[in-house]
Structures are given as C-alpha cells and as structure tokens.
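This report describes selected helices and residues of a protein model. Please keep the sequence and the coordinates at hand while reading.

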Protein chains: 2
Amino acid sequence: MSDVYIAGIGMTPAGEHWEKSLRELAFGALEAAAQDTERVLGGRAPAEALFAANALAGQLSGQAHLGVLIADFAGLRGIEAATIEAAGASGGAALRQAYIAVASGQIETALVVGVEKITDTIGARVNGAAATAGDSDFESAQGVTPAALAGLVMQRYLHTYGVSHDVFANFAVNAHANARANANAMFRNAVTREAYVRAGAVADPISMLDVSPECDGAAAVVLTSRPTSVRVAASAQATDTLALHDRPDLLGFDAAQLASGRAYKMAGIGPNDIDVFELFDAYSIFAALSLEAAGFAERGKGWQLAVDEQIGLDRRIPIQTFGGLKARGNPIGATGLYQIAELTLQLRGEAGANQVPGARVGMAQCIGGIGSNAVSHILVAA
Amino acid sequence: MSDVYIAGIGMTPAGEHWEKSLRELAFGALEAAAQDTERVLGGRAPAEALFAANALAGQLSGQAHLGVLIADFAGLRGIEAATIEAAGASGGAALRQAYIAVASGQIETALVVGVEKITDTIGARVNGAAATAGDSDFESAQGVTPAALAGLVMQRYLHTYGVSHDVFANFAVNAHANARANANAMFRNAVTREAYVRAGAVADPISMLDVSPECDGAAAVVLTSRPTSVRVAASAQATDTLALHDRPDLLGFDAAQLASGRAYKMAGIGPNDIDVFELFDAYSIFAALSLEAAGFAERGKGWQLAVDEQIGLDRRIPIQTFGGLKARGNPIGATGLYQIAELTLQLRGEAGANQVPGARVGMAQCIGGIGSNAVSHILVAA
C-alpha cells in the first residue's frame with residue numbers, strides 16, 4: 001500500500017448560487033484545487049480518476065451521472081469517473097474511495113469533488129429530497145423530516161441526561177464566531193447566547209440556531225501518492241441502522257464510534273492526539289454526540305465541552321474551525337470535502353485568523369442520515 | 001496488489017416485482033450470493049464492505065442512502081457501505097470500486113449488489129428519471145429521452161454506412177433465443193426476423209424490438225482475495241462527453257473503446273482471446289457499436305456479426321448469452337452485475353442450456369448514458 005497525501009484543495013463559497021449551475025460550481029472547486037496542486041507539487045499532476053460526491057442532484061436538478069458531467073465540463077474527457085452517494089456522508093465516502101484507489105497503487109492522482117445545488121428549489125421539495133437519506137418506507141413516507149428525527153434524539157438526550165436546551169448554545173456561538181473570517185462561509189454574523197435561547201423552534205427542541213443551513217457549494221480535494229506536507233493517516237467508514245426506531249439506543253452514534261475507532265487504530269493514535277476535529281454539526285445535538293462517539297467526552301457529557309468553552313480555536317478540542325456546518329453552511333454532498341479542505345489549511349498552517357495553534361493532527365468526520373453512516377479521516381502534518 | 005476472485009453470485013428474476021420492496025429485492029440477490037459463496041469457499045466469508053449500485057431509487061422510490069438500507073436489512077449493521085452511481089454503468093462502476101478495495105489488500109471480502117425498482121412508477125416519470133443520465137440543462141430539459149438520443153445515433157449509423165434497419169434483426173432474435181432457458185429473464189418468448197421488421201416505432205428508427213425493457217431486479221457479486229475458479233483479470237473505466245452534441249463523432253463509442261483497451265492491456269490479451277462478451281445492448285445500435293469499440297468488428301461492421309450469425313452461443317463471439325438487456329431485461333443500476341453473474345456461470349461451466357462451449361475468458365461491459373461512461377471487466381477461469 002502506498003501512503004496517500006493531499007496535493008491540493010479548492011472551495012467555492014457555500015451559500016446561494018442561483019447564477020451558477022451544478023457543473024460550474026464543481027468546476028470552480030476543481031479549478032481552485034488544480035491551482036493549489038500546482039503550487040504544492042511545483043507542477044501539474046494529471047489525474048487518472050474523478051470521484052464525484054453528491055446527494056440530491058438527480059432529485060432536485062434532474063441530473064444524475066455527475067461523474068461524467070463534471071469530468072466532461074472540466075476538460076477531462078476519457079478519465080474514469082463515478083458518483084458516490086452516502087447522504088450527508090457522501091463527501092467522506094467519495095474521499096474514501098479515492099484514498100483506497102491511490103493507496104492501492106492503481107492510481108497515482110485522484111480528484112474528489114463534492115457538489116450540491118439546492119437553494120433554487122422550493123423548500124418543501126428540498127425537505128422531501130433530504131428525507132430520502134432516511135427510511136423511505138417507514139419514516140419519510142409518514143412525513144417525518146430529518147429535523148424531526150434529530151429533534152426526537154435531542155429530546156431524548158435532554159430527558160435522559162437531565163440537561164436543559166441552553167447547554168448547546170456555545171456550539172452555535174463558536175460556529176458563527178469562527179465563520180466571521182471565512183470568506184467561504186454562508187453566515188458570517190455573530191450569534192450570542194441570548195439569541196440562541198430566543199431562537200424559534202424548527203422541530204422541538206431543535207431551534208433555528210441548532211440547525212445547519214442546507215445550501216449550494218462545491219469543494220474539491222486532490223489525492224496523490226507523491227509526498228506533500230499533509231498525509232492521510234487513516235480512512236474508515238461504518239454504518240448503523242437506517243431507521244431511528246431500529247436503534248436499541250438513540251443516544252449512541254454507533255457508526256461514528258466505529259468509524260473513529262477504526263481510524264484511530266489505523267493511525268495508531270487516540271483522541272488525545274487530535275489537535276482539531278471537524279465534526280458534522282448538521283444539528284447541535286450531532287456535535288455533542290459526535291464528541292462523545294469520537295472519545296472526546298464521556299457519554300452524556302458532549303455538551304460540557306461547549307459549556308466549558310473547550311471547543312474554541314486555542315482550546316482543548318477545536319471544532320467548527322471555519323464555521324462548521326452551522327455557519328459555513330451545509331451543501332450536503334459537498335460538506336465532507338469542505339471539512340477535509342479546511343483541515344488541510346489547519347495542518348499546513350494556512351488557516352489565517354482561523355488557525356488552530358500548532359495543529360499537527362486533525363480528524364474529519366461526516367455523517368449520513370441520523371447517524372446511519374459515518375466516515376472518518378485522520379490527516380497529519382508530514 | 002492482491003489478485004481478486006469471484007466468490008459468489010446471486011440474481012433475482014428481472015421483471016416486474018410489485019410485491020417486493022427495494023431492500024427485499026437486494027436482499028434476495030445477496031442471500032443467493034451468500035449461499036453460492038458458502039458452496040464455493042466451503043464456508044462463510046464475512047464481508048468488510050458493501051458497495052450498492054443503483055441509478056434511480058432516489059427519484060422513483062424516495063429512497064437514497066441504499067448502502068445503509070441494504071446493509072441494515074441484510075443484518076450487516078456496522079459494515080462500511082456506500083452507493084455508486086454511473087447511470088447504466090452503475091453496476092460495473094460499483095464492481096470496480098470493490099475490485100480496487102480488494103486488490104489493494106485493505107479489504108478481503110466485498111459485497112457488490114445492484115438493485116433497481118421502477119415498474120410500479122408510471123412510464124412518464126420513469127422516462128424523466130432515466131433522462132437524468134443525459135445532460136439535464138442541454139438535452140433532457142428540451143424533452144429528449146434516452147431512446148430519442150439513441151435513435152439519432154442509429155439514424156446516423158444507417159445513413160453513414162448505408163445499411164438498412166433490418167441488419168440489426170439478429171440482435172433481438174439472438175437475445176430472445178438465449179433467454180428461453182433463463183429462469184431470471186423477463187422475456188422468454190422467441191422473436192423472429194419477421195416480427196423484428198414489423199415492430200412499431202419507439203424513436204425512429206428504433207423500434208420496440210431494438211430497445212431493452214427497463215425493469216426491476218437485483219444481482220449481487222462477492223469479491224474476495226481467496227483463490228476461486230474465476231479470477232477478475234482486468235477492471236477499467238472510461239468516460240466520453242455527457243451530451244451527444246459534444247461528440248466530434250457520433251458513431252465512435254470512445255468510452256467503450258478506451259475501457260476495453262485499458263482492460264485488454266491490464267489482462268495482457270486482445271479481442272481474439274475473448275470467448276464470450278456480455279455487452280450492453282440497451283438498444284440494438286449499442287450492440288453494434290460495442291462490438292466495434294471492443295475490437296470484434298471494424299467500424300461500421302458491427303451489424304455484420306449479427307447478420308452472419310456469429311453471435312450465437314457456439315459461434316465466433318457469443319453475446320447476450322442469457323438474453324442480454326433485450327430479453328433478460330434491464331434493471332438499470334443492477335444490469336452490470338447481472339452481466340458479471342452470467343459471465344461467472346459461463347466460466348464455471350454452470351450455464352446449462354446457455355453454456356458457451358469451452359468458455360475460459362469473458363468480458364463484460366456496461367454503458368452509462370449514450371456511451372458517456374463505460375466499465376469493462378475481464379474474467380478468466382483460473
């Protein structure tokens with residue numbers, strides 16, 4: 001097996017892109033990643049394969065077959081290309097396939113690009129499309145949205161652990177604070193604890209400031225077997241039940257725990273070695289559960305890291321360092337690749353005002369459905 | 001790199017399955033493949049990963065995230081799982097990802113399952129969904145269906161090479177003849193040359209007997225690094241333009257030619273070494289173009305193999321040996337795995353009345369869109 005390195009990264013702003021098509025968004029990210037790669041490797045690196053990550057284009061844009069769409073538009077005709085889908089975990093899952101291909105030695109350079117375009121579709125259709133990440137026959141067909149399912153989990157968390165809703169406030173405060181200096185973030189406004197407490201309900205107890213904005217965006221990562229300053233030290237994926245009602249325990253993010261565990265084992269490290277953790281805060285309850293599943297807090301104590309202000313850039317475990325899903329935005333199939341791009345900036349020391357001091361080891365984790373699928377990658381500064 | 005072998009295969013009948021859900025169809029194929037694997041390996045082989053192939057479930061069944069859906073329903077909770085989409089080439093693309101994973105040594109046993117369920121949706125919606133394999137902005141949005149695009153290609157073929165429509169008759173005759181003994185085939189009725197000539201138009205010059213039936217079905221393949229009687233000697237993929245109007249040459253299936261060429265090179269063989277070729281006869285014009293692209297006929301002469309009856313089970317290049325897409329049926333995302341399962345039966349000598357005498361080397365090729373994406377696999381009897 002070859003070692004696998006990050007040769008380049010590229011992002012478009014996350015937000016509303018009514019004037020750009022799917023292919024244009026994806027190309028913007030690929031183009032930025034190509035320029036970054038040229039800078040890092042000191043020359044061009046022709047890729048042999050393109051892995052596209054996307055969740056909803058077939059449903060919302062009448063466009064499947066994104067691997068070909070993007071390869072063709074990017075002038076890469078002939079290259080091999082496929083689309084990888086794992087709901088919210090699509091970006092991580094596509095990176096994992098590319099990682100395996102490069103590690104295998106069969107491919108020297110692989111492009112991974114995640115893209116999502118949803119804001120020019122009416123909200124009800126977006127909700128319906130997003131719900132296809134759940135169990136169509138037994139959940140979505142009954143009208144349950146992802147936010148409603150996440151609300152059930154949060155309700156159970158508050159009940160079981162006897163905490164109040166406001167202990168989650170700092171996840172939103174931290175995310176928005178870190179987004180302020182991020183030109184790619186959708187929401188760069190500050191959020192206060194008071195605003196969090198006042199925010200209107202989405203799916204009780206989940207409020208407007210517990211939930212990440214689903215938006216448009218694209219991010220790209222170039223993987224290579226040629227040594228660079230950032231190495232992919234581990235790649236792992238795991239699943240849980242698709243439907244929430246099949247879980248013996250609503251409060252264990254088992255897939256996230258399995259995927260983190262496999263990644264730690266592969267990298268030969270543990271949570272104490274992680275300097276920065278880009279977690280999947282689609283909802284603030286996900287942030288707490290992810291911190292617990294990845295070993296940064298005991299079960300039922302994930303919120304404590306937020307309350308104790310241990311999640312900031314220079315604290316115990318920095319998360320949402322460029323705004324996270326909450327403030328940078330959540331372009332679903334692309335999100336996992338924004339995480340990797342941001343983590344790469346951290347480990348290169350190129351994060352500017354968002355820099356985590358001395359970051360050498362980082363983990364990114366993305367989640368599909370209500371914890372049904374998790375992909376973990378550990379990156380290290382080489 | 002490890003050698004990669006086929007440990008087991010499983011198929012459900014292709015056709016209309018109104019009484020079975022997506023997960024039940026997929027499970028049926030996986031269960032059959034598990035039993036086959038147990039017989040072949042003399043014991044169970046726990047898999048570490050599941051690759052799901054599907055093209056249309058998000059659009060037609062409101063169900064994405066099929067990797068988790070299937071893994072969960074099959075009792076494989078915790079396993080890693082993702083969905084691979086490449087339109088009609090999804091099955092081959094998923095097999096390719098599994099091949100890379102096993103060849104890399106990172107995974108010993110991988111499950112690949114393709115599933116499609118479309119016949120309980122009204123035809124207009126199926127047409128719209130199938131059209132997402134093309135260019136949404138510049139083709140599908142104008143109302144062009146895949147059959148209409150294939151019709152343009154066939155019209156051009158007839159014009160450029162000066163042949164009449166009836167030279168394609170034997171592709172349908174051969175497919176239906178071979179489907180008669182295949183219990184998994186959708187159409188087991190014989191088709192005559194006379195019936196072909198009389199068949200009503202679908203998208204001129206494509207008639208009812210030029211086009212394969214889009215249907216429900218599931219097929220599964222288990223890959224392993226443990227030696228068995230069938231080895232995967234090559235795996236390759238390539239792309240072409242997404243939109244037909246971007247092709248400098250409508251009559252070259254460039255992606256198919258590239259993918260076959262890469263596969264031949266990897267296996268160290270050429271077309272003369274292939275005993276059986278499961279090609280992607282979504283339309284009879286695809287059969288002719290695929291035979292040309294894979295080197296079995298000169299350009300403009302693919303139809304000649306049909307006219308000369310060189311495509312039968314005991315002839316020069318047997319194709320559609322269990323009925324092909326035309327008569328076995330075309331459950332889009334699953335089709336590439338039916339091809340692999342059927343080829344495996346041929347190389348094991350287990351094809352019964354459909355056996356190609358002395359088959360030792362076989363190629364399967366599936367196509368996404370109008371030749372926009374092609375995946376080729378070469379299997380050899382070990």
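The model is a predicted one, and local features are described only where pLDDT is at least 70.

**Helix H1 of chain B**

Helix H1(B) runs over residues 22-41, a stretch of 20 residues. Which residues of H1(B) are buried? They are Leu22(B), Arg23(B), Leu25(B), Ala26(B), Ala29(B), Leu30(B), Ala33(B), Asp36(B), Thr37(B) and Leu41(B). These residues cover an arc of only 160° around the axis, which puts them on the same side of H1(B). Gln35(B) and Arg39(B), on the other side of the helix, are exposed. After H1(B) comes Gly42(B), with a positive phi near 70°.

**Helices H4 and H13 of chain A**

Two packed helices are described by the angle between their axes and the distance between the axes. For H4(A), residues 90-103, and H13(A), residues 332-348, the axes come within 5 Å and cross at roughly 65°. Because angles of 65 to 115 degrees count as roughly perpendicular, H4(A) is roughly perpendicular to H13(A). On the H4(A) side the contact is made by Ser90(A), Gly91(A), Gly92(A) and Leu95(A). H13(A) contributes Gly333(A), Gly336(A), Leu337(A) and Ile340(A). The residues of this contact divide into three nonpolar, five polar and no charged, with Gly counted as polar.

Val126(B) lies in helix H5(B), residues 123-130, and Ala234(A) is found in strand E8(A), residues 230-239. Buried means under 20% relative accessible area. Val126(B), at 8% relative accessibility, therefore counts as buried. Ala234(A) counts as buried because its relative accessibility is 0%.

What does Val126(B) contact, leaving aside neighbours within four places in sequence? The partners are Leu60(B), Ile118(B), Thr121(B) and Glu214(B). With residues up to four places away likewise not counted, Ala234(A) touches Ala263(A), Met266(A), Ala267(A), Ser376(A), His377(A) and Ile378(A).

The table gives a C-alpha separation for each of these residues.

| Residue pair | Separation along the chain | C-alpha separation |
|---|---|---|
| Val126(B) and Gln320(B) | 194 residues | 24 Å |
| Ala234(A) and Asp216(A) | 18 residues | 28 Å |

Key. Residues numbered from 1 in each chain as written. Chains lettered and ligands numbered in written order. Predicted model: local features only at pLDDT ≥ 70, side-chain atom pairs only at ≥ 80, totals over all residues. Heavy atoms only, no water. Helix = DSSP H or I, 4+ residues; strand = E, 2+ residues; numbered from the N terminus. Expected span 1.5 Å × (residues − 1). Buried < 20%, exposed > 50% of the residue type's maximum accessible area, 1.4 Å probe, protein only. Arc of directions from axis to C-beta. Axes fitted to C-alpha atoms, helices over the stretch in contact; angles between N-to-C directions. Parallel < 35°, antiparallel > 145°, perpendicular 65-115°, else oblique. Contact = heavy atoms within 4.5 Å.
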